[in-house]
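Here is a short briefing on one protein model.

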Amino acid sequence: MNPKEALQKILQGVKPLGTERVPLAQALGREAREKLKAPYDYPLRDVSAMDGFAFRFRDCGAGRPLRITGERSAGDTAGKGVGKGHALRIMTGAPIPPGADSVVPKEKVRVERNLLYMERPEKGGHIRYRGEGVRKGRRLTLPAGPLSARTLGFLASLGVPRVGVIRPPRVSVLVTGDELVAPGDRPGDAGVFESNGSMLQAALREEGLEAPVEWVGDRPHRLALEAVAALRDSDLLIVTGGVSVGDHDPTREALRQAGVRQVFWRVAQKPGGPLYYGRQGKKHVFGLPGNPAAVYSCFLLYVLPLLMRLQCRPAPRPVAAALRHPYKPLGRKTHFVKSKLDGKGRARVLGGQGSHLLEMMALGDGLLEVPPGKKVLPVGTRLNFHPFPGTKI
């Protein structure tokens, strides 16, 4: 099976998860799935757009001054009306008092004692009228895509407290390997520092998702029990390690015992050839190879598109990049190689391509997809490039 076929099988029949209503503070980056109507007018009432004076326009004329008889600040009620020949000092956001129909900015007047002098004031000027932005009951049109800070601010200004969004996937990670030790511990004569769990947890966090990580060793029975428990509370389970053909590779058998139906195992690619994918009802299960570069490659190429589909978000798409130097394909396998872009759409293949090596994952910009073949690809050959999250293209 080639990578394209594998991704098609993973995404086949997958629909976004259900919706939940959350406070606006929790909705950033989520996909709205609710038809909203404005619960209030915006602005809520007629208010002043400036610091200045509120008055009746018909009282202005022939340079006659108006007597200042009071003051209104934001948060005050409208209070008593403005009488004939009177004006009220008013602050930005303060309600327009009854009877007043105009506001003049303070920098355009002259005040002597308690008298207000104006030259050519504007009728109806500098008032924000009730409902001029949005009328109560109006159906709200929100921009497509994840909710932004700007959209959430708009909803908050209307008094909307909660919004219906697509529920984020619940993800769990199980890490196999009796040889693993935590960074900071002593590795001893046989230990290997565990990186897959930390890397996957961070990669999920980059997408706004939190996932528990559990180390389970290499015993199939324990892995099966942990998989059952994880799937009870998860939409997606990721298991790292133990998916190859070794005598101590327990993952596929353990997942079978946990009630997972295998959809496919193995993809004609490097790294990540032993990739496993299965389902338990509507729940998804990945078995990723144990080597960390293979783990991240499979996450980028397969797990991330599924996560995006479950949230009704567009999956990351490869971009075209030209080879900066000749490169020989792997024969019958697709090769995803760690690469660096030069700012002109050209990709340079980095050293350290082993599936156990992460340094060039950290330093690179993405994976260059080299299709199967025997002939050396010349300089300038255009290939698909899969950017790492955060890479600027």
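Which residues of helix 1 are buried? In this predicted model, they are Pro 3, Ala 6, Ile 10 and Leu 11. Viewed down the axis of helix 1, these buried residues fall within an arc of 125°, so they line one face of the helix. An α-helix has 3.6 residues a turn, so residues three or four places apart point the same way.

- Helix 1 spans residues 3–11.

**Ends of helix 1**
- Asn 2 caps the N-terminal end. One of its side-chain oxygens lies 3.1 Å from the backbone nitrogen of Lys 4.
- Gly 13 follows helix 1. The phi of Gly 13 is positive, near 75°.

**Overall fold and dimensions**
- The protein has seven helices and 24 strands.
- Its radius of gyration is 32 Å, whereas a compact globule of 393 residues would have one near 21 Å.
- Along the principal axes, the C-alpha atoms fill a box of roughly 100 × 50 × 45 Å.

**Contacts, burial and surface**
- Take the contacts between residues at least 6 apart in sequence: 68% join residues at least 24 apart.
- Of the 393 residues, 43% count as buried.
- The accessible surface comes to about 20,700 Å². Carbon and sulfur atoms account for 50% of that surface.

Methods: Residues numbered from 1 in each chain as written. Predicted model: local features only at pLDDT ≥ 70, side-chain atom pairs only at ≥ 80, totals over all residues. Heavy atoms only, no water. Buried < 20%, exposed > 50% of the residue type's maximum accessible area, 1.4 Å probe, protein only. Helix = DSSP H or I, 4+ residues; strand = E, 2+ residues; numbered from the N terminus. Arc of directions from axis to C-beta. Polar contact = N/O pair within 3.5 Å; in protein donor to acceptor, adjacent residues only side chain to side chain. Rg over C-alpha atoms; globule rule 2.2 N^0.38 Å. Contact = heavy atoms within 4.5 Å. Areas by Shrake-Rupley, 256 points an atom, 1.4 Å probe, with all protein chains shown as cover.
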